[in-house]
Amino acid sequence: MSAQLTFDLPTLFACGMLLLSLIMVSRMRLSSLVGIFRYQSALLAIYAVILAISHDEPELLAVALFIALVKVVLIPAFLIRVAKQNGVSERLDSYLRPTTSTSVGLVAILLAFAGAEATFATSAGLIIVACVFALILTGLILLITRKDMFGQGIGFLVMENGIYAFGLALAGGMPIFVELAVLFNLLALTVLMVLLFRVAQKVHSSVSTEHFKRLID
Amino acid sequence: MTVSLLLMVILVAAAMPYLCATTKQVRSLAMIGSTSIFLLSLFVGIPALFAPAAVTGAGLWYIDALGGFFVLLIGFVQWTGTLVSMTYMKEEEAHGTVTAAKVKRYFVLLHLFVLAMMLAVVSNNTGIVWVALEGTTLVTTLLVGFYERKESLEAAWKYLILCSSGIAFGFLGILVMFYAASTTGAEGVIGMTWSGSALLEAALPVSVVKIAFVLLLIGFGTKVGLVPMHAWLPDAHSSAPSPISGMLSGVLLNAALLPILRFKNIVDGVAAPGWTDQLLIVFGVLSIALPAAFVLVQRDYKRLLAYSSIEHMGLITLSAGLGAIGSVAATIHIAGHALAKSALFFAAGNILLKYHSTKFENVSGVTRILPYTGGLFLVAFLALLGVPPSPLFASEYFMAAAAIGTHPYATGAVFLALTIVFAGFVRLLMPMLFGESPDRGGRERWNISHTAITLNIVLLIGLGIALWIAPGEAIIQRIAEII
Amino acid sequence: MVASFFVASLILPLVAGVAALLLLRTKAGHMLTQLVFALGGLSGVVGATLFYASDGASTVVFHTALFSLVVGTLSVFFLGIISVGVLLTSLYALEGLRRYKSVYSLPWLAVASAFFIFGMQATVMASSVAGFLVAWELMSVAAYFLVIADGTEESLHAGFSFFIMAHIGFASLVAGFLLLSAGNPFAEWPEVALAAKTMTPATLSVAFSLLFIGFGSKAGLAPLHQWLPMAHPQAPSHASALLSGVMLKVALFGFIQSLFLFPSVPLSWGVVVLVVGLVSAFFGVLHAVVESDMKRVLAWSSIENMGLIFSGVGAAMILRTLPYEAGPVLASSIAIFVALHIINHFLFKSGLFMAAGVIVSEVHSRDMDIMGGLAQKWPIFSGVFLALALAAAALPPFGTFFGEWMYLQSLALALVGLPLPLSVVAGLVLAAVALVSGLAIVAFVKMFSSVFLGRARNEHAEHVGMMPMSLMWPPMVCAILSIVAGVLAFPFFSSHFMDGASIMQDVVIVQGASMNAWILWALIAGLAIIALLLARFLRVPVRITDTWDCGQPLTSRMEYTATGFSAPFRFFFRAFLVSRKEMIVTPISSENPWIANRRLEWSITSTWERLFYRPVGQALLRFAEYARKFQSGVVQMYLLFVVIALVGAFIFAL
């Protein structure tokens, strides 16, 4: 296990993912969000490749390939396609303004570092763990602050990216069939989300969650 | 072996509807399919109850007494649920509310749902357990949104997003556990299996395991419906078709609780024994107290039943945190609630079909207009309230016995909340059953849904009586020891 | 031998319930069912008689590994009461329920009664905490179904009130018993008593309060009595008789039995029981005086009598612990009063409810203000009712008088014998009991006179049919038994218990606190003979003419109504009764404002409702409104809750 090396390749990619998610928090355009997600997933795939090489586990290469396939190609394609086909508006909505979102994101990063220090001070590099936590937290921020289904969906996907990265970073990868099963799950989830986007667009002509206030008490 | 056969049969049953031409064939095949699933589950579950150690088929499955118990529950409830679905869907189709294609889709989804649940309780690999539970979320989202109304869409979206996000934390917890196992030097996949974790217990690092448990509790707890992660439950369980609601409330919530109980067992061997208990007690009490407030102001009977499910999950969680007697109470409560709540939802489905409304203001005099359904509903309702000889009486009594010495104030709060819930239930449901009824034509005919509900109730009461007989007691004890 | 009779009395009601369902469609079904119930009651009576005749000790009736049923002297006493009640009411129900065939579903009513009777008996016979609680719950739920039997909104509302109170009581009982048994769910009574010896006084006090709340709420003690006057009138009359006459006694039994579990009974507990009993008795009788619904008056009277009984229990508890040499003896004589009053109240209350049931079914109303003149139509029945009303008012020669006389005597002796501060208390208690008894007389005079005397105030009352014998003789039996109780009970108790084998431990009758019934009978007989002789020989011519009527024909509307009769008492006690009188005047003619439509609304609510129930209800609703905010519909909020839960759990646990 690599000790406290601060700027080796995996850390670089982890930081890259973190940076991308920080940018994502303030983006209000649908295609921009999906694009950044695609880059982030690509970074994740490359990260997996690096781990495969450094830890000498060829299975991880297969995993990286599937990550690339599902998260970089298929999922973004589904999202963009449904947006185009159903006339979903490009402009997404949030409870916070972009600058406020970025500030919250920065706070999240600080919290992530504090959390990482408190818990996983050993192994796999403090910075990587912190980046992974921050990734999860920014996913949560997107989930909580975005006012439309798309924003929430992307937020969820980012959070899953973070958890996946956690799995890769700390646990040296899970058994391959579990990884694949999780990816398949994610794909199915996206298909479902896309289905719901379509229905929402048909029924409410928008994907905003503001319409979801009928079921109270 | 039998477990693989069971899963295979469920898969085949799921595929069948697409080969059928008419919905009548779909329904008949579904009945055959679910009956065979039930019989197979008997073959899997009953030996597991008596086997001295857990059954593992080549390390793929892990079925101990608790697992066998769950397999039996799932097998039975899916059987009665499918039977009820048959008449429900036939009636809905006759009314024109659903198309033939939708009926086919319903049965496919139903069997996939059962498949995912079964996989979650028999699998040895915790990662697969997680995938299976997330799978149930995915399949049931389509079922929650089945009627494609605005409310269904809203319920489906909230259900999907909330459960998936919540259970993602559960996955994080599994990963942390795996990491903990790997720090002890264990190789490969062992840290991700139930059987392996049992072996590793002593060596796992305490603080890491604690973090993992908290994540797991919150994560899977979202799926169980513990407060404050419960907000999706009333929406989802009331929007789904009633037979599905019955299965969601009855068995899915329990199936999500199983990993928590198994992990509790593991963590109890690592951290101080009372540590997990206090977490379970806190979440249990919260989950009992909050529905009390909502029950008082409900206007919809399916939503009322859903809030009751949250409360009962709270009772089970609380009992699980109360030591040996509490574990016995939890076991009994799991079975009792599964049977009673599913029976209630199934009967509610019949009421909905007749009255076309789930609001209390539109429904009254059920025992006069639908005597069979009304009577069955009443019996199941009394069983849920804990009137002897319902097993829920025994479980709540044992829970009180376990709690009163160590947590008197919590017990007082729980009693208060339970009384408020009873009050709300009686105030709302009794006029629905016994009030004045307008004249509606046609006497109710006994159909297979009534048979199914009766089966539920018979098993429920049989369980209530079996508790007091020696062999029943022994089996419960075995299951409880695992918790 | 004895045990088999009790087993029969347990099983037969269940058989009757099953029979009712099987014979759903047959004509004779109802009759057969009620006969089986009666048979069960009879076998219970036989069993009880045999038990006392053979001076039996505790016998095990039924035993399995997990729970068993046991009878002892205390439980057989109550079993006897239950059985007599079941016997009489089921024979009454043969005709009494048949009249209501279209209102109630008779077979299901029989099923509910079956569970109710079974539950009551099993409660009395239970030998362990778990068995007791199971039977208690069965009894309560079955009673709920009896209350809502006619499905009207009023019944459902009353049933709801009943159910909540029953459940609050049940929760208290569970908590109290489990506290005492130190968390052992399977404890038998001796084990509980053993565990209770090791507890701190604080725990014991908490357990006592919980048990008192549980049993008291079921027995109808203030402030948890509100359900009783709502629920008892709604049930069918034979069930009301059982609810008022028998179920309240089962609650009393539970309380007395649990008293024996405590290692010692401090003075303060006795004071609490005494005060609560007296307050309940006072409010009960006050409302009985003021109300005009016949069955509600009887229900309030039950509260009064149970209050008196509990005050007796409390006084006995106090006297036993006071360092006063005649204390235990006085306590024992008050205990005899308690036992006598249990029997007497059961007799007159069941009789009155059954009689009221007949009247209500003939007049088609429960309102006493519109009844009247029934004495002319039903002379014998009015004699029976008069006897029962006098018994209720505790006048000689009925048994109630002798019981209360013992109580008053004991209190007077305590007043005389105790040192100064305590004797004042005894004096106050004496005064309170006397007040209650006096008001009871008013209540029953009002009832008898407004129902039977004068002229009929509505057409139903005017044209009542013949009184069928089958409905008349159960109340008649109760009246006769009441007289018999008066004559026999005292000698029976004093002879049976002089030697020490007693219900409430040894009894020595206090000198001078006895009233020999034979002397009284001789007195009455003598007076009666003198009156007859005078009537015979001093025959005075009687002239029949109109009453002084100011030249106007007298109508029934000029008589006192029940409401009018009680007006002075309403005024005098207005601090305790919240009555509301509202006159709504709507002018009809625009020219003359004096021609108007006037509508008077008058209602009585209780102070308890204002002070206690309404605030609690409103607080609950406010709590519910506040909690509703959590389900706001905004899914982002829900997600935030998950995160908060996670953070909270981390902070809490780590």
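Contact here means heavy atoms within 4.5 Å. On that basis, 56 residues of chain B meet 49 residues of chain C in this predicted model. Local features require pLDDT of at least 70 and side-chain atom pairs count only at pLDDT 80 or more, while totals for chains, interfaces and linings use all residues; side-chain values use heavy atoms, with hydrogens and water left out. Residues are numbered from 1 along each chain as its sequence is written, and chains are lettered from A, with ligands numbered from 1, in the order in which they are written.

**Interface of chain B and chain C**

- Chain B and chain C bury about 4700 Å² between them, 84% of it on carbon and sulfur atoms; buried area is the accessible area (1.4 Å probe) that two parts lose on being put together, summed over both.
- Zero salt bridges are counted between chain B and chain C, a salt bridge being a side-chain nitrogen of Lys or Arg within 4 Å of a carboxyl oxygen of Asp or Glu.
- Three residue pairs of chain B and chain C are in polar contact (both at pLDDT 80 or more).
- A polar contact is a pair of N or O atoms within 3.5 Å; within protein, one must be able to donate a hydrogen and the other to accept it, and residues adjacent in sequence count only if both atoms are side-chain atoms.
- On the side of chain B that touches chain C, H17(B) gives the most, with 10 residues; helices (H or I, at least four residues) are DSSP runs, numbered from the N terminus.
- That side of chain B divides into 42 nonpolar, seven polar and seven charged residues.
- For these classes, Ala, Val, Leu, Ile, Met, Phe, Trp, Tyr, Cys and Pro count as nonpolar, Asp, Glu, Lys and Arg as charged, and the others, Gly among them, as polar.

**Interface of chain C and chain A**

- Here 11 residues of chain C are in contact with 13 residues of chain A, and the buried area is about 930 Å², of which carbon and sulfur atoms give 65%.
- Between chain C and chain A there are zero salt bridges and one residue pair in polar contact (both at pLDDT 80 or more).
- Helix H24 (residues 635-653) of chain C gives the most to the side of chain C that touches chain A, with six residues.
- The side of chain C that touches chain A comprises six nonpolar, four polar and one charged residue.

**Domains of chain C**

- Chain C is divided into domain 1 (1-184 + 218-258), domain 2 (265-526 + 562-573) and domain 3 (574-653), with bounds from an automatic or database domain assignment.
- The C-alpha centres of domain 1 and domain 3 of chain C lie 36 Å apart, and the contact takes six residues from domain 1 and five residues from domain 3.
- Domain 1 and domain 3 of chain C bury about 470 Å² between them, 65% of it on carbon and sulfur atoms.
- In domain 1 of chain C, C:Pro223, C:His225 and C:Gln226 lose the most area to domain 3, together 76% of what that side buries.

**Salt bridges and confidence**

- Over all chains, the whole structure holds 16 salt bridges.
- B:Glu93 forms a salt bridge with B:Arg27, the closest N and O atoms being 3.9 Å apart.
- Chain A has a mean pLDDT (the predictor's confidence in each residue, from 0 to 100) of 82, and 93% of its residues reach 70 or more.
- Over residues 1-6 of chain A, pLDDT stays under 50.
- Where pLDDT is low, the predicted coordinates should not be read in detail.

Key. Helices (H or I, at least four residues) and strands (E, at least two) are DSSP runs, numbered from the N terminus.
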